[in-house]
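Please look over the structure shown below before reading on. The briefing that follows takes up its sheets and then its ligand.

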Amino acid sequence: MKVELEKGVDIVSDLGGLTSIEEAKKLIESKCDDDNKKKFSTIKSEKAILKIGNAVALLQPDNIWINSSSEADLQNTRDRAIENGEEFKVVNGHTCHFDLPEDQGRLVTQTFYIVNDDEDISVLAKKEPRQVSYDTIKDGMTGAMKGRTMNINFWNRGPVGAKAAIPAIMITDSLYVVHSGNILYPTCYESFDAEVERAGTFFFNLHTYADLSSENIDKARIYMDRSWQTTYSMYCTYAGNTLMLKKGNHRFHVDDATYYRNFEQLSEHMFITGMTGPGGRKTFIAGAAPSGCGKTTTAMVGTDFIGDDLAQMWIEDDGTVRAVNPEIGIFGIVKDVNREGDPFLMKALRGDIEAEVIYSNVLITEDGTPRWEGDGDEPPKAGKNFQGEWFEGKTDKDGKPIPMSHPNSRCTLYGTSIDNYNAKLANDPAGVPVKVITYSGRDSDTMPPVWVAKNADEGVVIGASIQSAATATEVGAAGVRRQPWANQPFIPGPLADYMASQLKFFNSDKIKEKPIMAGLNYFLTVGARGGEAGSTKLLGEKRDVNPWLSWLERRANGDVKAIDTAIGYLPLYDDLKAIFKETINKEYSEELYNKHFSLYADNIIARIDLQTEAYQQEKDCPPVIFEIYSAQKKALEELKAKFGSVISPAQLIEVGSADA
Ligand code: OXD
Ligand code: MN
């Protein structure tokens, strides 16, 4: 069901109580010095002015600071973040910020959609009736900025002028949030009105850290009001909970694409990267992976890195699928980031090149060096982290060792600080043409490293079937969970609606060059493929990502054939052998290939059963998904009857074809 815009009370406007532009302007100006008054005069959108006025009336700051994103304002932000103690200096001119121990990831149980009566949302999301949220916001936000400065930012989700970009206003009292936003989003301060006009809307975000403390963490809330495209965040600072352009507005962008763009746009939790193939051609890949499943590392393997987290896609008039990254920076997990696996990122993080970096929740040693688990250096003996002093062997009250850094500790830096970032293309409102779509999860024992859908319907079903073990990005998450399209935490409406819009998009006649759609999995373990029982050692290495992407690059350009199987097209050994050699100079043995690409029918069938059952509970699910699941299951059962439950690539060729 289409989310109805402007339905129900707009909470900030109601609580602020202002109804005229004049009143709003007067109140805003009364909190601005001359410089900020002048800066504010650039903004003409009446809707924006009224809403900002109401935010001021609600939060009651002493002063207002307008972020024009001039060099002086960027510096002002850095300075104030240090002055107010939200950040402190570490080596290489970088800074560090600590979130509360309870606020180290997305607070999923305190994150709600504000809903009107009878409104459908994803069965996997939490909702709260509008009136309950109204009362909580009233309690938490009224006067919360007394004695503080309100910072008002105008950022864009995407390059200014891009077809799928939408502008946003972010209001916050946190300088860490402003500083992070400056690094992560393109400014649209100068062009805000034009962007609102072009996009037909803007997102509005309110954050206050309020009376922040561990004792008050129960009061933390992250609210998304889909009807008014407005977010509210309070009593927390972790960027995934506060920098609402990221996941808060991504959710609105998903709504926008699903319901309002004629099935010609998608808003995805995907990296975007380019691979250079034979003859120097460039092929762009957009790939989905759940939070904490290696998306950043995968993106940086490309020769032309564009983005590591989000993609706005659309069908261009020339029939290509285009994508822009709504962000210009990286808010990346640092755990296990080291020189071997992430050479470009490490150059920036370790100060080999000049880069602006904000660390969060890492360990800082006495000499100011940021350290984290898996950084590749000799572990330190002591330091300071978000929990206070840390020393080797420190344990919690249950005697469990406390790691030096939080598994979700992060680094925030500009894309331009990464050597292979293609700034020209990343900032181009025309986007990049996408020829490969990938979906991956964290799957230790079921799917092969790479397989390609035979058509768009099967491609959408690959996305619908992603599963992942819980990661540190969400506070309190556990177990293996379904992660449809790796976008599930951010799909506000029913999954059936989202699925229908994906099917329409990828089957659209307007697309002249259909992207290939593939599953990717580099989390298979030795134990699951006939090695030492229970071994969780990865069957491959981090660097194998390059050959998998390179094979897809060649497949998308018609250079390689494949095996036609029950689950889709699988690579041929000889092609992979050559690609491994060429890209990472690795001898790829046929034995490893057989482990990677044998189909484990029982595991795949169990996965299909689980997904079928789950989707049967969704209302109005497009029937094609069940047709595909049951056809795949039948084909796998036939293979199993013939060959047993593990079917080798040679056997797959015997019954299928190696010429697909
Ligand atoms: C992120 C996330 O921070 O997905 O990107 O949690
Ligand atoms: Mn993410």
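In what order do the 5 strands of the open sheet follow one another? The order is β2-β3-β18-β23-β17, with mixed pairing. This is a predicted model, in which local features need pLDDT of at least 70 and side-chain atom pairs count only at pLDDT 80 or more, while totals for chains, interfaces and linings use all residues. Residues are numbered from 1 along each chain as its sequence is written, chains are lettered from A and ligands numbered from 1 in the order in which they are written, and side-chain values use heavy atoms, with hydrogens and water left out.

- Strands here are DSSP runs of E with at least two residues, and helices are DSSP runs of H or I with at least four, both numbered from the N terminus; two strands pair if DSSP finds at least two bridges between them.
- At the edges stand β2 (88–89) and β17 (329–333), each of which pairs on one side only.
- β17 is joined to β23 (residues 410–414) by 5 bridges in the antiparallel sense, and Gly329 has Tyr414 in β23 as its bridge partner.
- Helix α7 (residues 175–184) lies across β3 (95–97), β17, β18 (357–360) and β23, and runs at about 50° to β23; axes are lines fitted to C-alpha atoms, for helices over the stretch in contact (heavy atoms within 4.5 Å), and angles run from 0 to 180 degrees between N-to-C directions.

**The sheet of 8 strands**

- Another open sheet, also with mixed pairing, has 8 strands in the order β1-β6-β7-β8-β10-β9-β4-β5.
- Because β1 (63–67) and β5 (127–129) each have a single partner strand, one side of each is left without a neighbour in the sheet.
- Neighbouring strands of this sheet are turned by 20° against each other on average, direction ignored.
- Strands β7 (residues 166–172) and β8 (residues 203–208) run parallel and are joined by 5 bridges, with Ile169 standing opposite Phe204 in β8.

**Ligand 1**

- Around ligand 1, with a heavy atom within 4 Å of it, are Arg106, Lys246, Lys247, His269, Ser291, Asp309, Phe331, Arg410 and Thr473.
- Polar side-chain atoms lie 2.4 Å from an oxygen atom of ligand 1 for Ser291, 3.0 Å for Arg410 and 3.3 Å for His269, where a polar contact is a pair of N or O atoms within 3.5 Å.
- Of the 210 Å² of accessible area (Shrake-Rupley method, 1.4 Å probe) that ligand 1 has on its own, the protein covers 94%.

Key: Polar contact = N/O pair within 3.5 Å; in protein donor to acceptor, adjacent residues only side chain to side chain.
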